[in-house]
Amino acid sequence: MSTRQRLRIALQKSGRLNDKSLGLLARCGLSFEMRKDVLLAPCENFPLDLMLVRDDDIPEYVHDGICDLGIVGQNVLQEKLLLKSPSASDGVKVLRKLGFGTCRLSLAVPKEFDYQSPSSLSGKRIATSYAGILKQYLDAQKITAEIIPLTGSVEIAPTVKIADFICDLVSSGETLRSNGLREVEVLLKSEAVLVRAVGALPASQEKSAARLLARIEGVIKASQNKYIMMNAPRNALETIKGILPGMESPSIIPLGDDGEKIAIHAVARENIFWETMERLKAAGASS
Ligand code: PRT
Ligand code: ZN
């Protein structure tokens, strides 16, 4: 159990998750002063300290209680906890998917290789930075292959003949294409997640953690929802509801004396694209 007064969250110091992790906290109303090469940044208006580290260390820091919370990719979380111990994942709880840092961990083969099914991997050498997840996958498929652990530039391994295939993170697929590789199996779909240690924190920190989580919920929901206001003829209401399937119990306000025209205020869960707006107009909505 932690004896610290303030909550501590581990974030990636620099890299793909850094900006968006800090951005999320900023949108939660938290302000902090970042100084170069400082590991710990106190939040000025919330009892929280940011600990800025390599993403690889975050699962262990949270697991061991060095930090109470963390933001890390599911890929790193799963890999590091698998390597730590078979039961390590019981010590870390995923509180929420955060919707950024999306990618997948995939197997890729030279594009001319005649890949049929996972059994095509049998007896091959596969280079990866995710030896734990790859081994788990191969074991589940009952396939014996040689895992070549590499920490970087995995995609060049087949070209330089260190390995036959690779297992690496993919987002656009451009890196694979430019190295003459083809994605054949997805082992894991990943995004950044907010995690915490399973053990209870002192009451005041528990309270702060709940407050922070509620703010994060609010920020993410707000970014997914759209508040829509429009005027329309009353007889267009059903059509309009049909155009906005995610619309939650709209408020309907009669306009004028005859009640023929109404104002509709609603929160729509789906993203409203211009096309939807055009269809609403065509159904009689205005303003
Ligand atoms: O220094 P530190 O250890 O903290 O950072 P890092 O270099 O290990 O990680 P970083 O910053 O590269 O990535 C952090 C996290 O971002 C990863 O663990 C993933 O959860 C997530 N993420 C999302 C990605 C990608 N997309 C991604 N495309 N991480 C890496 N890549 C790499 C991939 O390894 C490959 O080299 O990008 C290349 C493929 O990209 P595409 O677009 O060409 O397919
Ligand atoms: Zn890393």
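Reader: So what's the class make-up of the shell around ligand 1?

Author: Keep in mind that this is a predicted model. The shell around ligand 1 has 11 polar residues, 6 charged ones and 5 nonpolar ones.

Reader: Which residues come nearest?

Author: There are 22 residues around ligand 1, and Asp 56, Asn 75, Ser 172, Gly 173 and Thr 175 come nearest.

Reader: How far is the side chain of Asp 56 from an oxygen atom of the ligand?

Author: An N or O atom in the Asp 56 side chain is 2.7 Å from an oxygen atom of ligand 1. For Asp 55, a polar side-chain atom lies 2.9 Å from a ligand oxygen. Glu 174 uses its backbone: a polar atom there is 3.5 Å from an oxygen atom of ligand 1.

Reader: And how much of the ligand's accessible area does the protein cover?

Author: On its own, ligand 1 has 840 Å² of accessible area, and the protein covers 78% of that.

Reader: Where does it sit, then?

Author: Ligand 1 sits in the largest pocket. Helix H3 (74–84), strand E9 (165–170) and helix H5 (174–178) each give two or more residues to its shell. The largest share comes from E9, with 3 residues.

Reader: Switching topic: how many aromatic pairs are there?

Author: The structure holds 1 aromatic pair. The ring centres of Phe 113 and Phe 165 are 4.8 Å apart and the planes are at 65 degrees, so the pair is edge-to-face.

Reader: Which parts of the chain does the pair link?

Author: Distant ones: Phe 113 is in the loop between strand E6 (103–110) and strand E7 (125–128), while Phe 165 is in strand E9, 52 residues apart.

Terms used: Residues are numbered from 1 along each chain as its sequence is written. Chains are lettered from A and ligands numbered from 1 in the order in which they are written. This is a predicted model: local features need pLDDT of at least 70, side-chain atom pairs count only at pLDDT 80 or more; totals for chains, interfaces and linings use all residues. Side-chain values use heavy atoms; hydrogens and water are left out. A residue is near a molecule or strand if one of its heavy atoms lies within 4 Å of it. A polar contact is a pair of N or O atoms within 3.5 Å; within protein, one must be able to donate a hydrogen and the other to accept it, and residues adjacent in sequence count only if both atoms are side-chain atoms. Accessible areas come from the Shrake-Rupley method with a 1.4 Å probe; for residues, only the protein chains shown count as cover. On a 1 Å grid over the protein atoms alone, a cavity is a set of points where a 1.4 Å probe fits but cannot get out, and a pocket is an open set with protein on both sides within 12 Å along at least five of seven lines; lining residues have an atom within 4 Å of a point. A molecule sits in a cavity or pocket if more than half of its atoms lie within 2 Å of its grid points. Helices (H or I, at least four residues) and strands (E, at least two) are DSSP runs, numbered from the N terminus. Ala, Val, Leu, Ile, Met, Phe, Trp, Tyr, Cys and Pro count as nonpolar, Asp, Glu, Lys and Arg as charged, and the others, Gly among them, as polar. Rings of Phe, Tyr and Trp (its six-membered ring) pair if their centres lie within 6.5 Å; planes under 30 degrees apart count as stacked, over 60 as edge-to-face and the rest as tilted.
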